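Please look over the sequence and the structure before reading on.

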Amino acid sequence: MPDSVSSTPVASDWKKELAASIVSPVALARVRPVDAVALAPVCVRYPMRINSYWLSMMRQPEDPFWRQAVPDALELEDGAQADPLAEEDQSPVPGLIHRYPDRVVFLVSDRCAMYCRHCMRKRRVGRPAAAVREAVAAGIDYIRATPAIEEVILSGGDPLMLDDAVLEEILARLKEIRHVHLLRIHTRMPSSLPRRVTASLAAMLGRFHPLYINIQFNHPAEMTPEAAEACRCLADAGIPLGCQSVLIRGVNDDPGTMAALMRVLLAHRVRPYYLHQMDPVQGTAHLRTPIETGLAILAALRGRIPGIGVPQLMIDLPGGGGKVPLLPESVVSRGPGTWRVRNYNGEVFDYPVSGGPEKGGGS
Ligand SMILES: *Cc1c(COP(=O)(O)O)cnc(C)c1O
C-alpha cells in the first residue's frame, strides 16, 4: 500500500477540499500566474471551480491539470452551437436524455468538483441552479412509466456531488422499478477529487449491483496515490470500472501520453472504454483535435498495448444521431476471395474471405 495515503478518506475531507475551491479569477491570480482581468468575462459565461486537490496538482502554466481547469479567453471566441448533440430536444422531461431505445442519461446534479474547460455540457453545468430536485422526481416518474428503459446512467454535472444519502435514495428508487436492470454512474471524482470516494460511499454503492461506474482520466499524471486509492476502493466493492477519456489538444493528443494513460488505468483495474473525439460544443474549439489525430493515436495503440487497454474512438453525431466508433483503416483492398489487410506494424497480408462452400457454388 502506498504510504502517501495515510488514512482512509472521510466525508469531511472532500467537503473541506471542495469548500476551499477557487472560483474567482482574482483568487486564482493570488496563487498562480494568470491574468485575472482577461479571465473575468470567461468565468461569467462558463464558471470556474478548482478545488484544493486539483490546484495542488497544477504546478505550471499549460501542464495537463492547468489546461483542463484554467479558463481561456478563447472560450468566448467560438461560434459553435451550445448543444450540438440536441440533448435538450431529446429530453422528454428536463434533465433526462432519452436518445437510445433502451437507456437514458439522467442528469442528477449540475455541479462538479472541478469545471473542465472541455466540458460537453458547458451550456448548463455550474450555472445558477435549475430546479434539479424536482427534475429528478419527474425523471424517475418518466423512467417508471417507460418500460423500454433497461439502463439508467446517472450523470450531470457529477452525480457524486450529491451526498451519500441523496444518491442512495435515487438509486433505491430506480432499483425498485422492475424494468430497470442496470445502473451506471458517470463521474469524474476519482480523478477530480479522489477523497470523495470514501469507504462508506463504496459500501453503499456496492449494495446496488449490477452497478457500473465510468470515470474520466485524461492524463497519466492524474493517477496520483489518492486517485489510485479511490479506484481501489470502488473496484474492491465489486464495481466494474470503465474510463471515458477525452482527447484534448495539448493534454493527451500524442500516442506516448495516451499509451501511458491506458497502461496506468489497466494497472489500477480500470478498463479503457471510450476515447471521445471532443464534441463541437461552443467554447471548446481551442482544445479540440482533428479526427485524424485520434485515428493516428488508435493505430499506434493497437498491438503496442494490451487489447483490453485499447478504447473505442467515438464521435457523437450532431443532431442527436448517437455515438459511432471510428477505426483506423486496416483493409487496403477487397478483391474476390482475398482482402489485403494491414497489421499493427504496417505490414500487408492477404486474408481469404471466401468462407465455406456457398449455396450457389460461387468461387
Ligand atoms: C453516451 C450516451 C449513452 C450511453 O452510451 P453507451 O454507448 O451505452 O455508453 C446513452 N445516452 C446518451 C444520450 C448518450 O449520450
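## Helix α7

The buried residues of α7 are Leu 167, Ile 170, Leu 171 and Leu 174. They cover an arc of only 95 degrees around the axis, which puts them on the same side of α7. The model described here is a predicted one. An α-helix has 3.6 residues a turn, so residues three or four places apart point the same way.

The 12 residues of α7 should span 16 Å at 1.5 Å a residue, and the end C-alpha atoms are 16 Å apart, which agrees. The partners of the buried residues of α7 are β2, α6, β3, β4, α9 and β5.

## Helix α6

Helix α6 covers residues 132–144. The buried residues of α6 are Val 132, Ala 135, Val 136, Gly 139, Ile 140 and Ile 143. These residues lie on the same side of α6, because they cover an arc of only 140 degrees around the axis.

Against which elements do the buried residues of α6 pack? They pack against the strands β1 (96–97), β2 (103–107) and β3 (151–155), and against helix α7 (164–175).

## How α6 and α7 meet

The two helices pack at an angle of about 15 degrees, and the axes of α6 and α7 are 10 Å apart. That angle makes α6 roughly parallel to α7, since angles under 35 degrees count as roughly parallel. On the α6 side, the contact is made by Arg 133, Val 136, Ile 140, Ile 143 and Arg 144. On the α7 side, Val 166, Ile 170, Arg 173 and Leu 174 take part. The crossing of α6 and α7 is right-handed.

Val 136, Ile 140 and Ile 143 are buried residues of α6, and Ile 170 and Leu 174 are buried residues of α7.

## Helices α11 and α12

Pro 255, Met 258, Ala 259 and Met 262 of α11 make the contact with Ile 297, Ala 300 and Leu 301 of α12. The crossing in which α11 passes α12 is right-handed.

Is His 179 buried or exposed? With a relative accessible area of 15%, His 179 is buried, because buried means under 20%. His 179 lies in the loop between α7 and β4 (182–186). Not counting residues up to four places away in sequence, His 179 touches Ile 143, Arg 144, Thr 146, Pro 147, Ile 149 and Glu 150. Among these, Ile 143 and Arg 144 also belong to the contact that α6 makes with α7.

Asp 72 is in the loop between α5 (64–69) and β1. Asp 72 is partly exposed, with a relative accessible area of 28%. Apart from neighbours within four places in sequence, Asp 72 is in contact with Leu 39, Val 42 and His 286. Asp 72 and Leu 275 are 203 residues apart along the chain, and their C-alpha atoms are separated by 24 Å.

## Cis peptide bonds

The peptide bond from Gly 156 to Gly 157 is cis, with omega near 10 degrees. Gly 157 lies in the loop between β3 and α7.

Another cis peptide bond joins His 209 and Pro 210, where omega is about 0 degrees. Pro 210 is in the loop between α9 (199–205) and β5 (211–215).

## Positive phi angles

Glu 62 is not a glycine, yet it has a positive phi of about 75 degrees. Glu 62 sits in the loop between α4 (52–57) and α5, and at 46% relative accessibility it counts as partly exposed.

Ala 86, also a residue other than glycine, has a positive phi near 55 degrees. The loop between α5 and β1 holds Ala 86. Ala 86 is buried, with a relative accessible area of 11%. Asp 72 lies in that loop between α5 and β1 as well.

How values were computed: Residues numbered from 1 in each chain as written. Predicted model: local features only at pLDDT ≥ 70, side-chain atom pairs only at ≥ 80, totals over all residues. Heavy atoms only, no water. Helix = DSSP H or I, 4+ residues; strand = E, 2+ residues; numbered from the N terminus. Expected span 1.5 Å × (residues − 1). Buried < 20%, exposed > 50% of the residue type's maximum accessible area, 1.4 Å probe, protein only. Arc of directions from axis to C-beta. Contact = heavy atoms within 4.5 Å. Left-handed = near helix turned anticlockwise from the far one by under 90°. Axes fitted to C-alpha atoms, helices over the stretch in contact; angles between N-to-C directions. Parallel < 35°, antiparallel > 145°, perpendicular 65-115°, else oblique.
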